[in-house]
Amino acid sequence: MTARTLVKNLAAAADGPATVSGWVETVRDQKKVQFVVLRDESGAVQLVHPRTDVEEPGSDPLATTISGLTTGSFLTVSGELKHDERVKLGGLEVKIETLERASTALDLPIAEDSSIDKRLDWRFLDLRRPEQNLVFRVQTTFLHALRSWWVENDFIEIHTPKLMASASESRAELFEVEYFETKAYLAQSPQFFKQMAQPAGFGKVFEVAPAFRADPSFTSRHATEFISVDAEISWVDSHEDVMRMHEQLLVAGLTAVKEKHGAEIEAAFGVEVSVPATPFPRIPLAEAHRILESRGYTVPRADGDLDPEGERRLSEYVREEFGHEFVFVTDYATGIRPFYHMRHEGDPSLTNSYDLLFNGTEVSTGAQREHRIEVLVAQAKDKGLDPEELGFYLDFFRYGVPPHGGFGMGLSRVIMLLLHQSSIREVTYLFRGPNRLTP
């Protein structure tokens, strides 16, 4: 391994010898002195070389090398670290003694003003931007905090298959793939398999893994492959238990992000990370419609669900009334929920389910699941599904299963809304959509 000091650690180092490695961000090749801004994964530092070839051009090999550096080339530089308040970039610089070029970059094909599609074509270069580096450090901290909360609360991590022998709920939005002599489907979610952990006696489970939707949407919040954050717990009395678990988990994640990256996020994105108070506001779907209509907006959808504009306006109301970035919209109608959501006792037109909105956009769906086999079969038939095709799933409920519930949440949507970005393309490492399969 190259013996190097990360740029972020230079400030705490004493003046003296230092070695740094990274890529060239800018070169200022002046007559008497040369400056190079070198960036690594942790930050940027100014390198300086006083020229000795002013009187005899070509007599300073190091100056010649620096003059030939291209933006993006990777270097290892050793020299003398000096703290100097006059240096705008971090108040320190490294006087170059030796420079080793690991690789030379061609002229970069993208610039700061390139379109997002152009930047995605060259994603490995786009990711060099400090803001992009921060996005994925924030994501790492967020996920680590979620996983720590789960583990501390005795959840079991599972890894469910993404190749399925049959459609999970229906054949809508499924990718079909060749599988030896038959067909397989890419999983839309781990829903059935995380429910399988309940009759297995696991109690509480979680998974962070890819999911796939053959949805030809080109919106800022849709992708054909995304990371789904899922949890399922046994012995719930209603979807209220799931919501309590969900909000505690998010508080843990956002607390960690604020503590570790709050100042960086504000500097890079102009966003102040806030840790939400619990409990999150809860608004039944029917009441949400009444609120929207009282504020001059009628949702145009025929199925009774909220549309994106309705979500945005409801979230505005919640910010005004509760000072909150999150809201649980609860008690969805049976007609717009899958067959395995438990229906209200005494009112089968409603389900024990919710959507979670964050800063105006839906990021998650959760529910109490129906665990009574005879009711589950009847609800599947109500949805026009053939119980025979659901045989492997229905078997979970024939040999004893506790009341249970859980949620699935889109990771990229959460990070997008947390950082107030315009599209999940900006916060997805390598985006997949209807017209993008590369890089």
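Reader: Which residues line the largest cavity?

Author: A cavity, on a 1 Å grid over the protein atoms alone, is a set of points where a 1.4 Å probe fits but cannot get out, and lining residues have an atom within 4 Å of a point. Here the largest cavity is lined by Val271, Glu272, Val273, Ser274, Glu325, Phe358, Asn359, Leu417, Leu418 and His420. This is a predicted model, in which local features need pLDDT of at least 70 and side-chain atom pairs count only at pLDDT 80 or more, while totals for chains, interfaces and linings use all residues. Residues are numbered from 1 along each chain as its sequence is written, and side-chain values use heavy atoms, with hydrogens and water left out.

Reader: What is the volume of the largest cavity, and how do its lining residues divide?

Author: A volume is the space filled by probe spheres set on the points, with grid points joined across faces, edges and corners. The largest cavity holds about 40 Å³ of space, and the count of cavities of 30 Å³ or more comes to one. As for residue classes, Ala, Val, Leu, Ile, Met, Phe, Trp, Tyr, Cys and Pro count as nonpolar, Asp, Glu, Lys and Arg as charged, and the others, Gly among them, as polar. The cavity lining has five nonpolar, three polar and two charged residues.

Reader: At what angle do the axes of helix 7 and helix 8 cross?

Author: The general idea is that two packed helices are described by the angle between their axes and the distance between the axes. Axes are lines fitted to C-alpha atoms, for helices over the stretch in contact, and angles run from 0 to 180 degrees between N-to-C directions. Helix 7 (residues 285-294) and helix 8 (residues 308-322) have axes that come within 10 Å and cross at roughly 85°. Helix 7 and helix 8 are therefore roughly perpendicular to each other (65 to 115 degrees; under 35 is roughly parallel, over 145 roughly antiparallel, the rest oblique). In contact (heavy atoms within 4.5 Å), Ala288, Ile291 and Leu292 of helix 7 meet Gly310, Arg313, Leu314 and Tyr317 of helix 8.

Reader: In what order do the eight strands of the open sheet run, and which stand at the edges?

Author: Two strands pair if DSSP finds at least two bridges between them. The order is 6-10-11-18-17-16-13-12, with mixed pairing. Strand 6 (156-157) and strand 12 (282-284) are the edges; each has a single partner strand, so one side of each is left without a neighbour in the sheet. Strand 16 (residues 353-358) and strand 17 run antiparallel, joined by six bridges, and Asp355 stands opposite Thr365 in strand 17. Helix 7 packs on this sheet, touching strand 12 and strand 13 (326-330), and its direction makes about 90° with that of strand 12.

Reader: Last one: where are the cis peptide bonds?

Author: In general, most peptide bonds are trans. Here, a cis bond joins Thr278 and Pro279, with omega about 0°, and Pro279 sits in the loop between helix 6 (239-269) and strand 12. Another cis bond runs from Thr438 to Pro439, with omega near -5°, and Pro439 lies in the segment after helix 11.

How values were computed. 1 Å grid on protein atoms, 1.4 Å probe; cavity = no way out; pocket = protein on both sides within 12 Å on 5 of 7 lines; lining within 4 Å. Helix = DSSP H or I, 4+ residues; strand = E, 2+ residues; numbered from the N terminus.
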